[in-house]
Amino acid sequence: MIKVYNTLTRKKEELNTLEPHKVKMYVCGPTTYNYIHLGNARPLVVFDIIRRYLQYRGYEVTYVQNFTDVDDKIINRALEKGIPASELACKYVEEYFRDADALGVKRAEFYPRVSEHMPDIIQVIQGLIDKGYAYQVEGDVYYRVNAFNGYGKLSGRSLEEMLAGARVEVDERKEHPMDFALWKKAKPGEPYWDSPWGPGRPGWHIECSVMSMKYLGDTLDIHGGGADLIFPHHENEIAQSEAYTGKPFARYWLHNGFITVNREKMSKSLGNFFILRDILDKYPADTVRFYLAATHYRSPLDFDNTKLEEAGRALGRLKNTLRRMDELLPEQVEPGVLDEAGQAFLDVLDRLRQEFTAAMDDDFNTARAMGCLFDMAREINSYLDSRAGGLNPPARVAINRARQVFTDLGERIMGILKLRTETGAGLVDEMLGILVELRGTARQNRDYTTADRIRDFLVASGVNVEDTSRGTRVTYEQVPEVARVIDFLLGWREEARQARDFTTADAIRDKLVAAGVTVKDTREGVRWSIDSAGKLS
RNA sequence: GGGCGAGUGGCGAAGAGGCUAACGCUGCGGUCUGCAAAACCGCCAUUCACCGGUUCGAGUCCGGUCUCGCCCUCCA
C-alpha cells in the first residue's frame, strides 16, 4: 500500500488511482527562457523517481510534463536578444532535454507546449466565459474567483485572508482583486494569437489546466511541482479546471521542497541560483542525482559544493560494490544451486529489499530507501570478502542474484548506479595500462620506490589505484589528460635510457607505438604524436 | 499582518507514542596490504531548540516560548 502526502488535505493518504494499476501524472515543467538551475532540477529527479517507483510497483504510468513556451519572460528576453520569442523558447526546450537526459530523467509520454495548444486553450476560456466563471474586459479575459467557491482550498486560505495581507496592485477593471488573467491582450510588437477577444496570448495558469486535461482526462491522479507553485499557479489550475468540468481536477497534489543556499531559497529573483549546466561541468551527473535523491523530497535541501563532494563519496561506495560484483561475475552465470551460506545471504538482502519498498511506499522516502542500499552494499561486500579466494559456482549464483536486486533498486528505481562507460578514453586507458604493468613489474621485484612513484603520479592525476587479489584496479571520476600520461611515460623512458636500462626504455616505446603513439627521438628531445584521430574517439 | 513548515551527533539526514535514536560523510582504533587504497569489524547523541502538560511510557501527542525558512508578487 502506497501512501502519499497530499497538499490538498495536508495528510498522508493511501494512493487510490482512478483506474486500478494506472497512474495519470502531470508535472509542471519549466518556462523556457533560460538554462534550468539546480532548483528546477529537483522536481525533475524527484518525480522521475516517483514515476519509476510506481512502475516498479506495477503501475502503468502516463507521465505528462509541459513546457510553458509562451510567456512574458520569454518575450522580454527575446526582445533583449533581438530574436523571435518562439526561437528562444525552442532553444531552451532543447537545452532542457540535454540537462534532463544527463540527469537520467526518463522521457515523459507527452511534452505539450502552450504554442501548440492555442485552439484548445481558447475553447476552454470560452467555456469558462459561457459558464459565468470568466469575463472579458477590453481584450483581456479574467477568471472570476468569487464564482468558484472552492477557491483557496489548496493553499489553505480564504479570499478574505488573501486580501488581508495582500500586496497586489489593484487593477480597477477587475471585479475582484484576486481575479487572474486567462487571456492577455497583445501589446504592439508582441507575439499574438487570434481569439474571439482579439489578438493576445494565454495567461500563465490556463495552459496547465488545458493540456493536462487534454492528455490525461478531466481528473488526474497525481499533479506535481515545486512548493512555490501551490499559490497561485496550482490554486488557479484547480479553479479553472473544476469550474470547467465540474469534476475534481487532481486527486493527489505533491510538492517538492526548495533548494536553499545559505538557508535562503535558491531563486532567480535573489540571484543566488546555480545553473545546472555549470554544476554538471564540475560534478558527475549521477552525483548530482544522488544528492537530489538522498533527502526526502518535501524537505528543504541546502546547497553548497561540499554537499556534492560528500554525495560523490557516498555514491562511490555504492558503485564500488557494484563494480566488485561485476569483476567477479562472468558474462554468463551458469545455472546452479545455492548453498546454505548463499541462501542466508540472499535472505538478508531480501529483508532489506522489503525495507526499501516499505520506505518508498511511505510517501517516497528516498532518504530511508538509500539507507537500505547502503546496508545492502555492506552485506554484499562482507559476503564478497568472505570469499576472497574466488567464487565457487553456488556463490556465483548468489552474487548474480544479489546484483539483480541491488541494481533493480539502485538503478531501475533510483537511477544512480549506471557506471559511466568511459567513452573517448580508449587511449588513456591503454596508457594507464602500461603504467600499471610497469608498476606491477616493479612490485614483483620488490622495487617499491619505483612502484610508489608511479602510483603517486597516478593519484596526482586523479586516478585511484587499488591492489586487489585479482590485480591492480585503476579508476577515475574524470578522464585524466592523455598528454600528461604520455609525457610521464616518456620521462620514465628517458630515465631508463640514461641509466642504460634499454630493456625498459624500449619496452615503453614499443608499448606506446603499439597503442598508436609515435615516438621520435630528436636532437631537441623526445617528440610524440598520436597516429590516428580514430584512437581518441 | 495572515497562512504553512522546520529545529535530531562534528556535518548531512531518517525516525512521528514502547526492542540498543537508521544510513552517509568526517575522525579514531583494529583486520587485510610491502606501504597504501578499497573492503570489513569496532568506537564517536543517557539524548532529539527550550519550558510545561497528557501518558505506565514522548524526538514522536497537546499548550506555550525562542530561532529559522517558505507562501501571500515572477519563481521548481
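Let's start with Glu-138. This residue is exposed, at a relative accessible area of 56%. On the cut-offs: exposed is over 50% relative accessible area, buried is under 20%, and partly exposed is in between, with a 1.4 Å probe and protein chains only. Glu-138 sits in the loop between strand S5 (134-137) and strand S6 (140-143). The phi of Glu-138 is positive, near 45°, and the residue is not a glycine. Most residues other than glycine have a negative phi, and most peptide bonds are trans.

Before I go on, a word on the source. This is a predicted model, so local features need pLDDT of at least 70 and side-chain atom pairs count only at pLDDT 80 or more, while totals for chains, interfaces and linings use all residues. Residues are numbered from 1 along each chain as its sequence is written, chains are lettered from A and ligands numbered from 1 in the order in which they are written, and side-chain values use heavy atoms, with hydrogens and water left out.

Is Phe-364 buried or exposed? Buried, at 1% relative accessibility. Its place is the loop between helix H11 (340-361) and helix H12 (366-386). Then there is a cis peptide bond between Phe-231 and Pro-232, with omega about 0°. Pro-232 belongs to helix H7 (residues 230-245).

Next, the domains. Chain A is assigned domain 1 (3-256), domain 2 (320-413) and domain 3 (426-536). Those bounds come from an automatic or database domain assignment.

Look at domain 2 against domain 3. Their C-alpha centres lie 36 Å apart. Six residues of domain 2 contact five residues of domain 3; contact means heavy atoms within 4.5 Å. The buried area between the two is about 420 Å², and carbon and sulfur atoms give 35% of that. Buried area is the accessible area, with a 1.4 Å probe, that two parts lose on being put together, summed over both. Which residues of domain 2 lose the most area to domain 3? Arg-323, Glu-327 and Leu-328, together 74% of what that side buries.

The rule finds one salt bridge across this interface. For us, a salt bridge is a side-chain nitrogen of Lys or Arg within 4 Å of a carboxyl oxygen of Asp or Glu. Side chains of opposite charge can pair when their charged atoms come close. Here the partners are Arg-473 and Glu-327, at 2.5 Å, N to O. Arg-473 is in strand S15 (residues 471-476) and Glu-327 is in helix H10 (residues 305-328), so the pair ties together parts that are 146 residues apart in sequence. Arg-473 is buried, at 10% relative accessibility. Glu-327 is partly exposed, at 32%.

Now the other salt bridges. The structure holds 45. Take Arg-443 and Asp-467, which meet at 3.4 Å, N to O. Arg-443 lies in helix H14 (residues 426-444) and Asp-467 in strand S14 (residues 463-468), so this pair ties together parts that are 24 residues apart in sequence. Arg-443 is partly exposed, at 33%. Asp-467 is partly exposed too, at 34%.

Lys-73 and Asp-71 form another salt bridge, at 3.7 Å, N to O. Lys-73 is partly exposed, at 37% relative accessibility, whereas Asp-71 is buried, at 11%. There is also a network of salt bridges that links Lys-91, Glu-95, Arg-98, Asp-99 and Arg-277.

Last topic, the nonpolar cores. A nonpolar core is a set of buried Ala, Val, Leu, Ile, Met, Phe, Trp, Tyr and Cys residues joined through side-chain atoms within 4.5 Å. In soluble globular proteins, nonpolar side chains tend to be buried together. How many residues does the largest core have? It has 86, and Met-25, Leu-38, Leu-54, Val-288 and Leu-318 have the most contacts inside it. Helix H1 (residues 38-56) gives the largest share of this core, 11 residues. Domain 1 (3-256) and domain 2 (320-413) each supply at least three residues. A second, separate core has 40 residues, among them Tyr-26, Leu-182, Leu-220 and Ile-230.

Notes: Helices (H or I, at least four residues) and strands (E, at least two) are DSSP runs, numbered from the N terminus.
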